[in-house]
Amino acid sequence: MGLSICAALAEAGHRVAVLDINGTAAQRAAEHLRADGATAMACAVDVTDRDAVREAVRKVRVEFGAIEILVTSAGLVDFAPFTDITPEAWNRVVAVNLDGVFHCAQAVVPDMLAAGWGRIVTISSSSAQRGSPGMVHYTASKGAVLAMTKALAREYAAAGITVNTIPPSGIDTPMSRRSQAAGHLPDSAVMAKAIPVGHLGTGEDIAAACAFLCSEQAGYITGQVLGVNGGSVI
Ligand SMILES: NC(=O)c1ccc[n+]([C@@H]2O[C@H](COP(=O)([O-])OP(=O)(O)OC[C@H]3O[C@@H](n4cnc5c(N)ncnc54)[C@H](O)[C@@H]3O)[C@@H](O)[C@H]2O)c1
């Protein structure tokens, strides 16, 4: 999903920095974007590591200048019955999905404030909208991201920074395939039957909505929850 979002933002003319804990994958993504004519760089960073996030953002600033757009897509899913969720699993899921957004947003907001313009899009989850059993920690972390998005939107509306969230559902990505392979999600044909449009979504579906929210034209849209879910949550 993150790679599709990078490609869509590059297509819209933005220079793109790919930040991911998997440095090799981030490098590959940046190379792929450059091969398509984009200006792209990669940084290996664990979003739970506040200092590493700040250092990565510093490097991006050196290469590309002030940060104008932030999309937080890094995420960790975990499945367990509520009574089996260990404090360690709880903390790790919250650290990646929620603290990561906090660290990244705090690192870039000063640039946006100085410019009087900014776009932040958080990738939350439909689980935050409907409550997903068997993943209470994941659901809680994404619910917090959704609420945080609204609070940030109000805090920075007058400063020219919009903050919106996309809660995806049923998107065919490595994460959902891993969850299927582990038996936590049904196979794609079964999932498709439960989705009103009748098929899974793609990273490109998310990317198109995200690129719009990051555009100049979306300047009057802030604090919104734009479900990209094939009608699963209405
Ligand atoms: N796929 C879906 O149907 C779906 C549904 C709801 C929400 N989401 C959310 O969408 C976002 C993207 O998910 P995806 O399906 O592309 O998952 P994915 O696992 O395919 O990609 C997630 C990326 O995040 C990176 N990452 C994980 N932990 C990190 C960390 N600590 N620091 C930096 N990078 C880290 C991974 O290396 C990976 O590249 C996630 O936040 C996920 O929770 C996905």
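Okay, D46 first: this residue is partly exposed, with a relative accessible area of 22%. On that scale, buried means under 20% relative accessible area, exposed means over 50%, and partly exposed is in between, using a 1.4 Å probe and protein chains only. Keep in mind that this is a predicted model, where local features need pLDDT of at least 70, side-chain atom pairs count only at pLDDT 80 or more, and totals for chains, interfaces and linings use all residues. Residues are numbered from 1 along each chain as its sequence is written, and side-chain values use heavy atoms, with hydrogens and water left out.

So who does D46 pair with? Its side chain meets that of R92 in a salt bridge, at 3.7 Å from N to O. By salt bridge I mean a side-chain nitrogen of Lys or Arg within 4 Å of a carboxyl oxygen of Asp or Glu. R92 sits in helix α4 and D46 in the loop between β2 and α3, so this pair ties together parts that are 46 residues apart in sequence. The helix and strand names are DSSP runs numbered from the N terminus: helices are H or I with at least four residues, strands are E with at least two. R92 is partly exposed too, at 35% relative accessibility.

How many salt bridges does a search of the whole structure find? Four. Another one joins D111 and R61, at 2.8 Å from N to O. Buried or exposed, what is D111? D111 is buried, at 12%, while R61 counts as partly exposed at 31%. Then there's R177 with D172, at 2.7 Å from N to O, where D172 is partly exposed at 30%.

Now, inside. In soluble globular proteins, nonpolar side chains tend to be buried together. Here the largest nonpolar core has 27 residues, and L70 and I120 have the most contacts inside it. A core like this is a set of buried Ala, Val, Leu, Ile, Met, Phe, Trp, Tyr and Cys residues joined through side-chain atoms within 4.5 Å. Elements that each supply at least two of its residues include β2 (40-44), α3 (50-64) and α6 (136-156). The largest share, eight residues, comes from α4. Apart from this core lies another, of 26 residues, among them L33, A40, I69 and I166.

Take I120 on its own. Contact means heavy atoms within 4.5 Å. Leaving aside neighbours within four places in sequence, I120 is in contact with L70, V109, M112, I161, T162, V163 and N164.

Next, helix α1, residues 2-11. Its buried residues are S4, I5, C6, A8, L9 and A10. They pack against β1 (16-20), α2 (23-35), β3 (69-72), β4 (118-123) and α9 (203-213). After α1 comes G13, whose phi is positive, near 100 degrees.

Last, the record. UniProt, in an unreviewed entry, lists residues 18-169 as "domain: Ketoreductase". UniProt positions are in the numbering used here, feature names are shortened, and annotations may be inferred rather than shown by experiment. Over that stretch the chain is 54% helix and 16% strand, and the end C-alpha atoms are 23 Å apart.
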